[in-house]
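Trainee: I am new to this structure. Please show me how to read its features.

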Amino acid sequence: MSRITSVDCRLVLIEPETLRTDATQTFVRQETILVTVGTDDGLSGTGYSYTIGTGGSSVLALLRDHLAATLLGADARNVEAVWARMLAATRATAFGLLTSLALAAVDTALWDLRCLRAGEPLWRLAGGAHDRLPVYDTEGGWLHLSTDELVKNVSAAQASGLRGAKLKVGKPTAVEDAERLAAVREATGPAFEIMVDANQSLTGAEAIRRARTYEPLDIAWFEEPLPADDVAGHRRLARSTTVPVAVGESMYSVGHFAEYLSAGAAGIVQADVARVGGITPWLKVAHAAEACNVRVAPHFLMELHASLACAVPAGMYVEHIPQLGAITRSELVIEEGCVVPPETPGLGIEWDEDAIADLRVA
């Protein structure tokens, strides 16, 4: 047996490495929720989730006040049963972001345990579909940057061997966005992938209009053009443009993804393992996408998504935005523009406990 005997929850604040802005918000700080689960066979696993400025203390309270006690005595090996148990305990607040973040912190800890017990890395135990995947950069494409800065940053990413770069869009006029993108395309040439991300800032009509300006530039995908609850709007947009529509970072349940996939409203799925509730539901989303012949390019969390994207057949890209450098000792291996998933047993993340102690706020 492997009964859960302890659940330790912590909150750590991490300052972003660079100023990050998009059409709807500024990335103020990263509130990182860490959960360590111990079992009666002497093992422990650590998982995490995050917010980008607010709500971290609420997630921590949900874990400490409600979820932790329900986990004691459960068999940590039975990740599906434990996930269902947590969902049942939070039925009144599911589905929603705070609950999903709480479930994800525990679920990733349980998968860490599962992999440690098996002596296998996450990418292999979760499927082992790819031993590497291409990486694209987002850190150099924020909305506040000038066109010259965008060209410089994207050119540097290309020179480093990365396969693509994502630029934030949502300037006041379509012309401004188009001019910035055209300058980057001219600098990179046709072979380099350029993605765009509107962060849910546009109306349906404006998204259709702007997508038409992107088509001549051979844009790889148009990410979060509309509010995430507008399935019909995304379907209309997808039918009106040759640019693939990417969604998922702001969707918090497997059912929401199923709705998009069945409607033909998702050309690329970007499920975020923290926001969808953990590795257990993330894998369901990835396999549903595969069944619908849709590729998966997960949002953020590169330290986890490098392994998960490589685990599933539909894995397409890993997004490069450093997230955990301040509290970890491990680094992802990137070779010739591709990430190589960690081979160490567990999640492949080596936590720096001294740094965590320094940055811990609760």
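Trainee: Where is the kink in helix H1 centred?

Mentor: This is a predicted model. Helix H1, residues 56–71, has a kink of about 40° centred on arginine 64.

Trainee: Which residues of H1 are buried?

Mentor: Start with the general idea. An α-helix has 3.6 residues a turn, so residues three or four places apart point the same way. Now the case here. The buried residues of H1 are Gly56, Val59, Leu60, Leu62, Leu63, Leu67, Ala68 and Leu71. Their cover includes strands S1 (4–14), S2 (30–39) and S3 (44–51). Helices H2 (79–89) and H3 are also part of that cover. After H1 comes glycine 73, with a positive phi near 90°.

Trainee: How many residues does the largest nonpolar core have?

Mentor: In soluble globular proteins, nonpolar side chains tend to be buried together. Here the largest nonpolar core has 101 residues. Those with the most contacts inside it are Leu63, Leu110, Leu122, Phe222, Val269 and Trp282. Helix H3, residues 97–118, gives the largest share of this core, 11 residues. Another core, of 11 residues, lies apart from it, and includes Trp123, Val135, Leu162 and Val339.

Trainee: What does leucine 122 touch?

Mentor: Leaving out residues up to four places away in sequence, leucine 122 touches Trp111, Cys115, Ile279, Leu304, Ser307, Leu308, Gly346 and Leu347.

Trainee: What volume has the largest pocket?

Mentor: About 390 Å³. It is lined by 19 residues, and the closest to its centre are Glu303, Ser330, Glu331, Leu332 and Val333. Helix H11 (302–311) and strand S12 (333–335) each give two or more residues to the lining. By class, that lining has nine nonpolar, six polar and four charged residues.

Terms used:
Residues are numbered from 1 along each chain as its sequence is written. This is a predicted model: local features need pLDDT of at least 70, side-chain atom pairs count only at pLDDT 80 or more; totals for chains, interfaces and linings use all residues. Side-chain values use heavy atoms; hydrogens and water are left out. A nonpolar core is a set of buried Ala, Val, Leu, Ile, Met, Phe, Trp, Tyr and Cys residues joined through side-chain atoms within 4.5 Å. Buried means under 20% relative accessible area, exposed over 50%, partly exposed in between (1.4 Å probe, protein chains only). Helices (H or I, at least four residues) and strands (E, at least two) are DSSP runs, numbered from the N terminus. Contact means heavy atoms within 4.5 Å. On a 1 Å grid over the protein atoms alone, a cavity is a set of points where a 1.4 Å probe fits but cannot get out, and a pocket is an open set with protein on both sides within 12 Å along at least five of seven lines; lining residues have an atom within 4 Å of a point. Grid points are joined across faces, edges and corners, and a volume is the space filled by probe spheres set on the points. Ala, Val, Leu, Ile, Met, Phe, Trp, Tyr, Cys and Pro count as nonpolar, Asp, Glu, Lys and Arg as charged, and the others, Gly among them, as polar. The bend at a residue is the angle between axes fitted to the seven residues ending there and the seven starting there.
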